[in-house]
Structures are given as C-alpha cells and as structure tokens.
Amino acid sequence: MRVVGGCMISLAPIAAVRKPSFRHSFPPSKTLIPSLPVQRFSKFSTSASMAALDSPQAPPEPQQNKKPWLVVGLGNPGKKYNGTRHNVGFELVDAIAEAEGISVTSVSFKSLLGKGYIGDVPIMLTKPQTFMNCSGESVGAIVSYYKIPLKQVLVIYDDLDLPFAKMRLLPKGGHGGHNGMRSIIDHFKGSRDFPRLRIGIGRPPGKMDAVNFVLRPFTRQERDELNFTFQDGVEAIRILLLEGFNKSATFVNSAKPLKQLG
C-alpha cells in the first residue's frame, strides 16, 4: 500500500515524543491499580503467603503491580478517512471506549490516548495519528515509556485476506503486507511476538486497485453487518483482559460468519 500523507501527523502540536500531559496517567514505575481490600485477592494467595498469615510475626505479602494492556487501533487521521475500510481499527477502539466509558481524547506520543479499567485490569486505548504507514512511531514510544510487555499489546487492523466482517485473533505473526503492522514490528526491533486482531474488509471488486479499495467507505448493508462484528470485538477484548488470551481466541476464531443481510 502507498503511504497516505507520508509520515506527517495530523495534530500539529504533538511533539515527536513527549510525556502525557493528561491527568490520571499511569506512571511507568508506580502501582497501576488502586488499593483494594486484601480479601479481594485471598483466592489467589500462594501456600507460602497463607502460611505467612498464620504467623503473627510475618509481614503481609505485597501486591504485585499490574501493567496495563495497550489496545491499538490502526487507521488514518482526519475526516477524509472516517468510515473507510482502512480505519476499522480506529472504529473498534471507539466501540470499546464507548462500551467501557473511556475517553480517548488525550494527545500524546503522536496519538490519541484513553485510560481506564475493564474489571480491575488497567487498559490503554490508542489511535496513532501518524498515518497508517508510520504507526510504529507512536506505538513504539508508548510501549517503551510505560514498559508494557509485548504480550500485552493488542493491535487491531483491517485485512484484505479475511472474508468481510470476519475476525481472527492470533498471538503473534508477521505483517502480512500491511504497512501499519510492518512499521510496528520495525519499532519493536523486529519482534513479532505480540497479539493482533484482524478484521476482514473483503477483496476489491473486479480489477480495482487494493489501495483505492481500502480507502473506500462501506455500503449501508456492509455497515449494518460490521456493527455486529464490533459488538463481538468489544466482548472479545473483555474476555481477553479478564479470562485470558486462549478463551478470547476461542470466542473470536470459532464464531460462525454472519449471513449476508438483506
């Protein structure tokens, strides 16, 4: 695919990399969740910690910090690209934000960011504003600053090779010719070991060029079908954070395709 707008970003005041200016930031080295009663975690106690509770001299075992999940939706910024096939990553992040009450409006790291929780699991939602082909500039900076493990970085993006509105969740893999993913892998120093959620946008009709196809809007019928996919996508993220990757992958990858509406 061609570079859409090069690597310029749409938000002029964004510095190349700067620390977030919004409130309630997750510090890179401090506890990411509020203090909770010990009873809340009693079922996760190890035998060693249970033995410590029996001894009045033993101090309580401290809770481990939780790193946030980073959920990245890929797309191109600007009204020109709203609702196009290449922006389904943006749209699913917006659906997650709406469902979970997270505002994705803070500007930092060449990206729009939002922070919140699903259950007691911290989550960061981001939509890079670098244009698709340079997405790694934003994502790499966020991961580096917050020291997020790559296994907790989920990238959501469009896929020409999947049937329309079909999703597939994988634990790792290559870029598959997708330049946004190529950029992210490059900024992860070549590592491909991070999960990704692909959303099928279908194949271009006839002899239409793929670059032109991904920048086309959806038809009304396609939009109706895609809305059901986004509902499943929101549920998949909840399962991923609260029950783990395997259960989420089973939910996504075993889902029956929707019948064509109409």
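A salt bridge is taken here as a side-chain nitrogen of Lys or Arg within 4 Å of a carboxyl oxygen of Asp or Glu. The structure is a predicted model, in which local features need pLDDT of at least 70 and side-chain atom pairs count only at pLDDT 80 or more, whereas totals for chains, interfaces and linings use all residues. Residues are numbered from 1 along each chain as its sequence is written, and side-chain values use heavy atoms, with hydrogens and water left out.

Across the whole structure, 10 salt bridges were found. Arginine 238 forms one of them with glutamate 235, the closest N and O atoms lying 3.6 Å apart. Both residues belong to helix H6 and are separated by three residues, about one turn of the helix; helices (H or I, at least four residues) and strands (E, at least two) are DSSP runs numbered from the N terminus. Arginine 238 is partly exposed at 29% relative accessibility, as is glutamate 235 at 32%; buried denotes under 20% relative accessible area, exposed over 50%, and partly exposed the range in between (1.4 Å probe, protein chains only). Through salt bridges that share partners, Glu100, Glu235 and Arg238 are joined into one network.

Other salt bridges connect separate elements. The side chains of glutamate 91 and arginine 223 meet at 2.5 Å, N to O. This pair links distant parts of the chain, with glutamate 91 in helix H2 (residues 88-100) and arginine 223 in helix H6, 132 residues apart. Glutamate 91 is buried, with a relative accessible area of 19%, while arginine 223 is partly exposed at 22%. A further salt bridge, at 2.8 Å (N to O), is made by the side chains of glutamate 137 and lysine 110. Because glutamate 137 lies in helix H3 and lysine 110 in the loop between S2 and S3, the pair ties together parts that are 27 residues apart in sequence. Lysine 110 counts as buried at 16% relative accessibility, and glutamate 137 as partly exposed at 24%.

The search for aromatic pairs (rings of Phe, Tyr and Trp, the last by its six-membered ring, with centres within 6.5 Å; planes under 30 degrees apart stacked, over 60 edge-to-face, the rest tilted) returned six for the whole structure. The ring centres of phenylalanine 109 and tyrosine 145 are 5.5 Å apart and the planes stand at 45 degrees, so this pair is tilted. Phenylalanine 109 is placed in the loop between strand S2 (106-108) and strand S3 (111-118), and tyrosine 145 in helix H3 (residues 135-146), 36 residues apart. Phenylalanine 109 is buried at 1% relative accessibility, whereas tyrosine 145 is partly exposed at 23%. With tyrosine 146, phenylalanine 109 has a centre distance of 6.3 Å and a plane angle of 65 degrees, and the pair is therefore edge-to-face. Phe109, Tyr145 and Tyr146 form one aromatic cluster.

Nonpolar cores were defined as sets of buried Ala, Val, Leu, Ile, Met, Phe, Trp, Tyr and Cys residues joined through side-chain atoms within 4.5 Å. The largest comprises 36 residues, and those with the most contacts inside it are Ile123, Leu125, Leu154 and Ile156. Helix H6 (residues 220-243) gives the most to this core, with seven residues. A second, separate core of 21 residues includes Tyr146, Val155, Phe188 and Phe194. At Phe194, the charged end of arginine 196 sits over the ring, 4.5 Å from its centre; this category requires NZ of Lys or CZ of Arg within 6 Å of the ring centre and within 35 degrees of the ring normal.
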